Structure formats: C-alpha cells, structure tokens
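This report describes how the parts of one protein chain are arranged. Please look at the sequence and the structure before reading on.

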Amino acid sequence: MIAKLKQFIQSHTQESSPEEKAQHLNLAAATLLLEVVYADEKLADAEAALLPEMLINTLGINSEQAKALTDEAKQARHDAISLFEFTSEINAQFSIEDKQHLLLSMWRLAYADGELSQFEDQIIRRTADLLYLKHSELIQMRNIAIQQST
C-alpha cells in the first residue's frame with residue numbers, strides 16, 4: 001500500500017512530456033469508462049463491443065490504441081485507490097464540453113446492455129460530481145444516451 005502511494009506521488013510530481021500527459025489523460029478517461037462497464041460486476045457483450053468505439057470517439061485514438069489503452073486501464077483500475085486520481089487529471093486538462101462528452105460515453109456504456117444498474121448510476125453520478133458538472137448536465141447527457149440507445 002505504501003509503495004503504491006509512493007509511486008502515485010512520484011508519478012504526479014515528475015515532469016512529463018506532452019505525449020506522457022496525453023497518455024495519462026487518456027488512461028484516466030479509459031479507466032472511468034471501465035468503471036462503468038464493470039460496475040455491475042458483469043461484462044455484457046454489448047458493453048464490450050461499445051467500449052472501443054467510446055474510446056475512439058471520446059479520445060480521438062485509433063482502434064489499436066484503444067485496445068492497448070483498455071488493457072492498461074484494466075490494470076490502472078485494479079491498482080486505483082479512488083476515482084479522484086482519475087478525475088483530477090481530467091479536471092486539469094478537459095474542457096467542460098470534453099467532460100460532458102466523457103459523461104455521455106459513460107451513460108451510453110451503462111445503457112448498452114439495455115438496463116441501468118444502481119452501481120452504474122452511482123459511479124456516473126459520483127464521477128459527474130468529481131468533474132464539477134451540474135446536475136442538469138448529468139441529466140442532459142443521460143437523456144441523450146437514452147435516445148441514442150433506443
């Protein structure tokens with residue numbers, strides 16, 4: 001535990017290149033998307049199929065990068081202490097529109113299997129709070145996701 005905390009502190013205090021910063025940002029966003037996918041403790045086929053598309057559209061990466069990022073995000077999710085370590089990175093670099101787009105992707109993943117679990121809902125709401133998004137933005141993104149899933 002102390003080693004993980006030390007590694008976390010060191011990774012946030014070292015100077016990073018623009019490429020490294022972009023990779024950390026993409027990893028943070030991908031990890032938040034994975035939190036939604038695994039919130040109900042089952043990976044539906046629809047969610048698994050939609051995840052790469054959400055990464056490509058939300059982050060502007062290609063399919064190979066999306067696969068590699070998913071693998072890295074699975075490990076980051078496993079090692080994570082809280083959502084804050086990911087949302088703080090996003091708050092520092094994402095615009096309001098980028099945050100809304102990420103939240104929309106989270107809602108779309110949550111509704112991909114045709115049902116919204118309470119755990120998916122909780123993670124998305126907690127993430128929206130940590131991203132300093134208004135409740136009205138949360139509801140607006142949810143409604144758009146519902147329309148797109150039908």
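In this predicted model, helix 2 (residues 18–39) packs against helix 7 (residues 118–130) at an angle of about 160°, and their axes lie 8 Å apart. An angle over 145 degrees counts as roughly antiparallel, so helix 2 is roughly antiparallel to helix 7. The crossing of these two helices is right-handed. Helix 2 contributes Leu32, Glu35, Val36 and Ala39 to the contact, while helix 7 contributes Phe119, Glu120, Ile123, Ile124 and Thr127. Sorted by class, the residues of this contact are six nonpolar, one polar and two charged.

On the side of helix 3, the contact is formed by Leu51, Pro52, Leu55, Ile56 and Leu59; on the side of helix 4, by Ser63, Ala66, Leu69 and Thr70. This contact has seven nonpolar residues, two polar ones and no charged ones.

The table sets out the two pairs.

| Helix pair | Angle | Axis separation |
|---|---|---|
| Helix 2 and helix 7 | about 160° | 8 Å |

From the N terminus on, the order of elements is α-α-α-α-α-α-α-α. Of the 150 residues, 41% count as buried. Among contacts with a separation of 6 or more, 75% are between residues 24 or more positions apart. The accessible surface comes to about 8600 Å², and carbon and sulfur atoms account for 52% of this area.

A single residue may now be considered. Is alanine 110 buried or exposed? Alanine 110 has a relative accessible area of 0%; buried means under 20%, so alanine 110 is buried. Its place is in helix 6 (residues 96–111). Leaving aside residues up to four places away in sequence, alanine 110 touches Val36, Glu47, Glu115, Leu116, Glu120 and Ile124. Of these partners, Val36 belongs to the helix 2 side of the contact with helix 7, and Glu120 and Ile124 belong to the helix 7 side. The C-alpha atom of alanine 110 is separated by 9.8 Å from that of isoleucine 146, which is 36 residues away along the chain.

Definitions and conventions:
Residues are numbered from 1 along each chain as its sequence is written. This is a predicted model: local features need pLDDT of at least 70, side-chain atom pairs count only at pLDDT 80 or more; totals for chains, interfaces and linings use all residues. Side-chain values use heavy atoms; hydrogens and water are left out. Helices (H or I, at least four residues) and strands (E, at least two) are DSSP runs, numbered from the N terminus. Buried means under 20% relative accessible area, exposed over 50%, partly exposed in between (1.4 Å probe, protein chains only). Contact means heavy atoms within 4.5 Å. Accessible areas come from the Shrake-Rupley method with a 1.4 Å probe; for residues, only the protein chains shown count as cover. Axes are lines fitted to C-alpha atoms, for helices over the stretch in contact, and angles run from 0 to 180 degrees between N-to-C directions. Angles under 35 degrees count as roughly parallel, over 145 as roughly antiparallel, 65 to 115 as roughly perpendicular and the rest as oblique. A crossing is left-handed if the near helix is turned anticlockwise from the far one by less than a right angle, and right-handed if clockwise. Ala, Val, Leu, Ile, Met, Phe, Trp, Tyr, Cys and Pro count as nonpolar, Asp, Glu, Lys and Arg as charged, and the others, Gly among them, as polar.
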